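Subject: Structure handover

Hello,

Here is the structure for your files. My notes on the helices and the sheet follow below it.

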Amino acid sequence: MADKMVNNNSNTEIVEKLVKVNRCTSVTKGGRKFSFSVIVVVGDKKGKVGYGLGKATEVMDAKAKALGEARRSMFRIPLREGRTLHHDTIGKYCSGKVIMRAAPAGTGIIAGGSTRPLFEVLGIKDIVAKSIGSNNPHNIVKAVIMGLRNTSTPKMIADKRGKKIVEIASQREKT
């Protein structure tokens, strides 16, 4: 799990984290041919995140491909107080399922495997996450992304329902 800070042309610093490196072997009559697949997540620690998959015969080439794809696929997630999710959510992709729960301040990132680096680069400081089903890092990362894309702010919900934010926020405090 390597991480690195990179300066873009803009003022934001993008953090890169390596999630998984997988070696694949193809046996031919001339011998074994190795190739590598790399999963990388990138984010600005302020709510933007993206992930990418790269495949090549060298690890560094695969990582470069994955980083390019991850930067192109970045999107914004609304964060509550800049540290956690607005509400609990479930993400599903194939047989991977991840339950993500908003946590009070000081909880930290309680998540394992391939979900932890994604939350770190996203900028989430307090969350409880549990992956159920597949432990394949590809499916788990995509399930987290699906769940995060489905999160909404109280303002978004208020706009949909035609209510005021105060009404939605007061409902949240009761539960």
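One convention is needed first: an angle between axes under 35 degrees counts as roughly parallel, over 145 as roughly antiparallel, 65 to 115 as roughly perpendicular, and the rest as oblique. Please also keep in mind that this is a predicted model.

Helix pair. Helix H2 covers residues 115–122 and helix H3 covers residues 137–149. Their axes cross at roughly 40° and come within 9 Å. H2 and H3 are therefore oblique to each other. The crossing of the two is right-handed. On the H2 side, the contact is made by Thr-115, Leu-118, Phe-119 and Leu-122; H3 contributes Ile-140, Val-141, Val-144, Ile-145 and Leu-148. Sorted by class, the contact of H2 with H3 has eight nonpolar residues, one polar residue and no charged ones.

Sheet. Four strands form an open sheet in the order E6-E7-E9-E8, and the pairing is mixed. At its edges are strand E6 (89–93) and strand E8 (109–110), each of which pairs on one side only. Strand E7 (residues 96–102) and strand E9 (residues 127–133) run antiparallel and are joined by seven bridges. Within this part of the sheet, Arg-101 has Val-128 of E9 as its bridge partner.

Helix on sheet. H3, the helix that meets H2, also lies across E6, E7 and E9. Relative to E6, H3 runs at about 135°.

Regards

Note on methods. Residues are numbered from 1 along each chain as its sequence is written. This is a predicted model: local features need pLDDT of at least 70, side-chain atom pairs count only at pLDDT 80 or more; totals for chains, interfaces and linings use all residues. Side-chain values use heavy atoms; hydrogens and water are left out. Axes are lines fitted to C-alpha atoms, for helices over the stretch in contact, and angles run from 0 to 180 degrees between N-to-C directions. A crossing is left-handed if the near helix is turned anticlockwise from the far one by less than a right angle, and right-handed if clockwise. Contact means heavy atoms within 4.5 Å. Ala, Val, Leu, Ile, Met, Phe, Trp, Tyr, Cys and Pro count as nonpolar, Asp, Glu, Lys and Arg as charged, and the others, Gly among them, as polar. Two strands pair if DSSP finds at least two bridges between them.
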